[in-house]
Amino acid sequence: MLSGRPCCSAGRSHRSAGPAQIRTLERQPGAPLFVRDGRPTVVGAETASTGEGPRASRHAGDQQDECRAHQALYTEAAEAAHGGGWGIAGVTQRSRSVVDALRPQDGLYSFTERRPEGPATRVVGTVTEVLHATDHGARLGALLASPEVTVVTLTVTEKGYRRDAATGGLALDDPLVRGDLAGRPAPASVAGQLAVGLRARLRAGGAPVSLVSCDNMADNGAVLRRLVREFIAATTWDDRDRLLDWIAGSAAFPATVVDRIVPATTDTDLRTAARALTVDDAGAVTGEPFTQWVLQDTFAADRPRWEAAGVRFVPDVSPYQLAKLRLLNGSHSLIAYLGLADGCETVADVLATPWGERTVRVYCAEAAQSLPPTEGLDLPAYIDSLVDRFANPAMHHRVQQIAMDGSQKIPERWLAPLRELRAAGRDTPLLATALAAWARLIRDHSLDDPRAGELRRAWDGPHTDAPARLLRLLGAEDLADDTALIASVRAELARPRPPR
């Protein structure tokens, strides 16, 4: 699968006798193009619904649904427009479901764009290999060491990085990190996998490589660099200083902004893909029509010509990063928590309420005051686009999914702009509403969060103290001591329902 570079078109295929598989797709005139190329170019790591680790090819990534609905499509479009022989080896860490789904299909899968007027389905052929990080640890290590692999992308969600909540650095007391530092044969943490892979790469000749975090974190490139370096510094390797010096000169960690809403795949999505393709696809993914990718132009080695597919390369991605984190992701979290309290199931349900669109617009107007003016970034137009995207009834994006892992998301989405706005003397009523909505969720609903137990215990004792206790758990002592903010959050908590 990694040795050739055939190219073919794929579309409808007659079902053969027995279970239909997407790999039975044949050439059909006028069918959508997909590219099959065996050169390992991108290694990728994913966690959300599939795992948490790096991916292998000259390009790599994590969080399989999101990567396959975003980076893989850009890579395929770049390959079709420019060539170069790029393919993707996908690596998942926890769940083996994506490996089980894609291996029998030779890495082929479908992407369905959820358009308001109806779904549009196509086949994607850039994934040339699918691995599980620990089951196939030797193969992953070989790919990370290979000079043919020049890009590694990661989409592992915020919690997948195993960061210390207080310092933002590597959580050295995390069980996965501790086990890797103790010499676990197949590393289980992202930092451990990358550190071991980079060490092998240096020993194999030290070809330069770029490692790209595609997760919703401010300064995600710098964060990834720090975590890898801190892992290496904590080892007892005799070559750790040499490895750190080599990384400083031969490994790049570009920052990036990935923007496409990718809901979890449902049984309905699988049926939709099967109807469109006339074959079954166990690896189908879906996403919204909107897509954007902004990359810092600091790569250390060759890469796909993503600019031919519409990717924007800039010297500094931080204005785009902050806009997405604080406006899209921040408002997403807010309406998810408010929607759960009001009995809404999806984001479109929230936008259909009398308060949904108004809440998004007022929140974004407030949070936008914390953003620097940036040439080429039209914030009013961006906010208008968010309303349209959220209101798309075809997305069926469940608010329960968005509400997961709040303790990992809130610091960058809400607390950073809160600090800046309050330091500037500005009022923050919608950010106070947001904190109250999150606190109410912890109090009243089941919680899917790595710190669920600690968060629930914040409601032990006088409930008036809960908002400050929750903020302290997030390392926000300064905001916990802001008496005016805490009073606003308490007042919002006294409201039984979302704003009308």
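Me: Which residues does Pro208 touch, leaving aside residues up to four places away in sequence?

Reply: In this predicted model, Pro208 touches Arg201, Ser250, Ala300 and Ala301 when residues up to four places away in sequence are not counted. Pro208 itself lies in the loop between helix H6 (190-203) and strand E10 (209-213), and its C-alpha atom is separated by 9.0 Å from that of Asp302, a residue 94 places apart from Pro208 along the chain.

Me: What makes Pro208 buried, partly exposed or exposed?

Reply: The relative accessible area of Pro208 is 35%, while buried means under 20% and exposed means over 50%. The value of 35% falls in between, and Pro208 is therefore called partly exposed.

Me: Why are H6 and H8 called roughly perpendicular to each other?

Reply: The axes of H6 and helix H8 (residues 240-250) come within 10 Å and cross at roughly 90°. Angles of 65 to 115 degrees count as roughly perpendicular, so this pair receives that description. In the contact, Ala195, Leu198, Arg199, Arg201 and Leu202 of H6 meet Arg242, Leu243, Trp246 and Ile247 of H8, and by class these are six nonpolar, no polar and three charged residues.

Me: How do you know that H12 is roughly antiparallel to H13?

Reply: Helix H12 (residues 356-368) and helix H13 (residues 379-391) pack at an angle of about 150°, with their axes 10 Å apart. An angle over 145 degrees counts as roughly antiparallel, and H12 is therefore roughly antiparallel to H13. The crossing in which H12 passes H13 is right-handed. On the H12 side the contact is made by Glu357, Val360, Arg361, Cys364 and Ala368, which meet Leu379, Ile383, Asp384, Leu386, Val387 and Phe390 in H13, and these residues divide into eight nonpolar, no polar and three charged.

Me: Why is H10 called oblique to H15?

Reply: Helix H10 (residues 318-341) and helix H15 (residues 406-423) have axes that come within 10 Å and cross at roughly 120°. The range for roughly perpendicular ends at 115 degrees and roughly antiparallel requires an angle over 145, so H10 is described as oblique to H15. Their crossing is left-handed. The residues making the contact include Leu325, Arg326 and Asn329 of H10 and Ile410, Trp414 and Pro417 of H15, and by class the whole contact has seven nonpolar, four polar and four charged residues.

Me: What makes E12 and E15 edge strands in their sheet?

Reply: The sheet is an open one of three strands in the order E12-E14-E15, with mixed pairing. E12 and strand E15 (312-314) each have a single partner strand, so one side of each is left without a neighbour in the sheet, and this is why they stand at the edges. Neighbouring strands here are turned by 15° against each other on average, direction ignored. E12 and strand E14 (residues 292-296) pair in the antiparallel sense over four bridges, with Asp259 opposite Gln292 and Val257 opposite Val294.

Me: Which way do the residues of E12 point?

Reply: In a regular strand the side chains alternate between the two faces of the sheet. In E12 (residues 256-259), Thr256 and Val258 point one way and Val257 and Asp259 the other way, and all are buried.

Terms used:
Residues are numbered from 1 along each chain as its sequence is written. This is a predicted model: local features need pLDDT of at least 70, side-chain atom pairs count only at pLDDT 80 or more; totals for chains, interfaces and linings use all residues. Side-chain values use heavy atoms; hydrogens and water are left out. Axes are lines fitted to C-alpha atoms, for helices over the stretch in contact, and angles run from 0 to 180 degrees between N-to-C directions. Helices (H or I, at least four residues) and strands (E, at least two) are DSSP runs, numbered from the N terminus. Angles under 35 degrees count as roughly parallel, over 145 as roughly antiparallel, 65 to 115 as roughly perpendicular and the rest as oblique. A crossing is left-handed if the near helix is turned anticlockwise from the far one by less than a right angle, and right-handed if clockwise. Contact means heavy atoms within 4.5 Å. Ala, Val, Leu, Ile, Met, Phe, Trp, Tyr, Cys and Pro count as nonpolar, Asp, Glu, Lys and Arg as charged, and the others, Gly among them, as polar. Buried means under 20% relative accessible area, exposed over 50%, partly exposed in between (1.4 Å probe, protein chains only). Two strands pair if DSSP finds at least two bridges between them.
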